[in-house]
Amino acid sequence: MNLLVLGGTRFVGKSIVLAALERGHSVTVFTRGQTPDDLPAAVTRLHGDRSEGLDALGAATWGACIDVNGYLPRFVRHSAEVLRGRVERYLFISTVSVYAPGERETTPETAPLIELDDPATEDIAAHYGGLKVLCERAVSEVYGERATHVRPHIVAGPEDYTRRFTYWPEALAKGEPVLAPGDGSDPVQYIDARDLGMFVVHLLETGQGGIYNAAAPFSSWREFLAQIAAGVGSAAELHWTPATELEARGLGWNELPLYVPRAADDQVLMRTDTAAAVAAGLRCRPLEETARETLAWSVQQPAEARPRAVPLDSGQP
């Protein structure tokens with residue numbers, strides 16, 4: 001296939017590009033050229049800012065478009081309309097953050113979505129999930145059955161510039177006591193970027209439309225940290241700390257990434273149902289492998305860029 005990727009030079013986009021190349025497809029990326037680009041020479045580069053237009057695309061056609069960096073509905077709709085007769089399928093990278101909080105055992109693709117009070121807002125930081133909902137709708141309105149939506153969970157793996165998952169292999173690898181959130185029974189979930197990339201390419205190869213939650217199976221925090229420890233060869237002691245105490249000490253998502261307390265409204269997102277994606281071909285590597293290879297990448301980064309573990313007594317008087 002001949003694929004167009006809107007974005008594609010780092011992390012999720014790069015994983016998709018590399019997966020496509022591995023499967024023998026040709027790839028064109030459309031980027032602003034502001035992110036370091038170490039993609040293989042075989043990739044065709046087009047530079048432009050989608051907020052200013054898509055003239056750099058010329059009159060070329062592709063088998064499919066993969067929209068990795070669509071956050072505002074008006075830009076996504078414009079891209080979809082410009083490419084309507086020039087790509088056979090439009091695959092939009094969305095997020096599990098599209099789901100509205102609520103009481104449910106798991107979150108399937110049919111769960112209620114966020115509805116913005118002000119659909120005209122463009123405050124991505126405040127309304128990330130709600131804006132992604134509108135982006136999905138824009139693509140579906142233009143492409144109908146030729147639209148595919150992938151909703152990834154927290155993305156992990158080498159080259160994760162967010163450092164959310166990376167925090168835990170780094171903390172455990174030091175071998176020192178680790179502050180662990182809750183009592184170990186809360187659920188946690190993620191997706192390796194490389195598995196996400198292969199899944200996206202598989203969906204395009206097989207022509208599958210629809211909506212798919214992309215995540216590894218959810219597990220308990222106790223299982224999650226045990227598997228990471230096994231992956232990085234750690235015997236670090238875990239100090240499980242109740243959510244109420246963490247809150248009192250001012251320790252939340254920013255300090256202990258990926259942890260969503262059981263009482264939180266959006267905790268159900270850590271129990272995302274992936275049955276549809278698995279049936280469509282999603283395959284996830286062992287967590288031990290993701291942890292080991294993420295750590296191997298992280299230790300090569302500058303010291304100031306690596307996550308630092310929260311001390312056991314952090315936030316205490």
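Modeller: Let's start with Gln-227, which has 29% relative accessibility and so counts as partly exposed; that label covers the range between buried (under 20% relative accessible area) and exposed (over 50%), with a 1.4 Å probe and protein chains only. Before going further, a word on the source: this is a predicted model, where local features need pLDDT of at least 70 and side-chain atom pairs count only at pLDDT 80 or more, while totals for chains, interfaces and linings use all residues. Residues are numbered from 1 along each chain as its sequence is written, and side-chain values use heavy atoms, with hydrogens and water left out.

Back to your residue. Gln-227 sits in helix α6, which covers residues 221–232. Helices here are DSSP runs of H or I with at least four residues, strands are runs of E with at least two, and both are numbered from the N terminus. If you set aside neighbours within four places in sequence, Gln-227 is in contact with Leu-287 and Glu-288, where contact means heavy atoms within 4.5 Å. Glu-288 is 61 residues away from Gln-227 along the sequence, but the two C-alpha atoms are 5.5 Å apart in space.

You get another pairing of this sort at Thr-206, in the loop between α5 and β11 (210–214).

The chain has 9 helices and 13 strands, and 50% of its 317 residues count as buried. Its radius of gyration is 20 Å, which agrees with the value near 20 Å for a compact globule of 317 residues; that radius is taken over C-alpha atoms, and the rule is 2.2 Å times the number of residues to the power 0.38.

Buried residues make up 9 of the 12 in α1, among them Phe-11, Lys-14 and Ala-20. The elements that cover them include β1 (2–6), β2 (26–31), β4 (62–67), β5 (87–93), β7 (155–156) and α5 (193–205).

Most residues other than glycine have a negative phi. Phe-11, which belongs to α1, has a positive phi near 45 degrees, and it is buried, with a relative accessible area of 5%. Leu-258, in the loop between α7 (243–248) and α8 (275–280), has a positive phi too, near 80 degrees. Leu-258 is buried as well, with a relative accessible area of 0%. After α1 comes Gly-24, with a positive phi near 90 degrees, but that one is a glycine.
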